[in-house]
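Please open the structure in a viewer and keep the selection panel at hand.

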Amino acid sequence: MAKKKNEEVVLVEEQIVEQTNTEKNKKQKIKISKKTKKSIKVKKQKEKKNFKLAIKEFPIKIVKELNKIKWSGWDNLKKKYIIVLLFMIFFAILFFCIGLGIEALFRLINVY
């Protein structure tokens, strides 16, 4: 009888060891190299879009985005407006002078 009890105890201990080994294996993550990750292509399923809902939400999203914008003050806008006007005047005068120079060059070589 003593042998049977020892055998049963040994069997129970082996079962416990096997269970702990399987639990450890389940918890371990499978490591995949970067090359295999790149070669594996998984297609994601596209979700169907509800166009009616999207059209209804569109103005709301625009208003939210506009509220996120930090608008410049009038003083800052005036300064930028003057800078843009000055650059436009400068380039207008520059291209006018270049045009006069090209015209004078053509008259000099009798093309015009």
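This is a predicted model: local features need pLDDT of at least 70, side-chain atom pairs count only at pLDDT 80 or more; totals for chains, interfaces and linings use all residues.

The chain has four helices and zero strands, and from the N terminus the order of elements reads α-α-α-α.

Of the 112 residues, 0% count as buried.

Now select residues 51-68, which form helix α3. This helix of 18 residues reaches 25 Å from its first C-alpha to its last, close to the 26 Å expected at 1.5 Å a residue. Where does the kink in α3 lie? Centre the view on E57: a kink of about 35 degrees is found there, shortly before the proline P59. The number of buried residues in α3 is zero, so the helix lies largely in the open.

Finally, select F87, F90, F91 and F95 and show their side chains; ring pairs link these four residues into a cluster. The structure holds three aromatic pairs. In one of them, the ring centres of F90 and F91 are 5.3 Å apart and the planes stand at 75 degrees, so this pair is edge-to-face, since an angle over 60 degrees counts as such. Are these two residues buried or partly exposed? F90 is partly exposed, with a relative accessible area of 48%, and F91 is also partly exposed, at 36%.

Conventions
Residues are numbered from 1 along each chain as its sequence is written. Side-chain values use heavy atoms; hydrogens and water are left out. Helices (H or I, at least four residues) and strands (E, at least two) are DSSP runs, numbered from the N terminus. Buried means under 20% relative accessible area, exposed over 50%, partly exposed in between (1.4 Å probe, protein chains only). Rings of Phe, Tyr and Trp (its six-membered ring) pair if their centres lie within 6.5 Å; planes under 30 degrees apart count as stacked, over 60 as edge-to-face and the rest as tilted. The expected span of a helix is 1.5 Å times one less than its number of residues. The bend at a residue is the angle between axes fitted to the seven residues ending there and the seven starting there.
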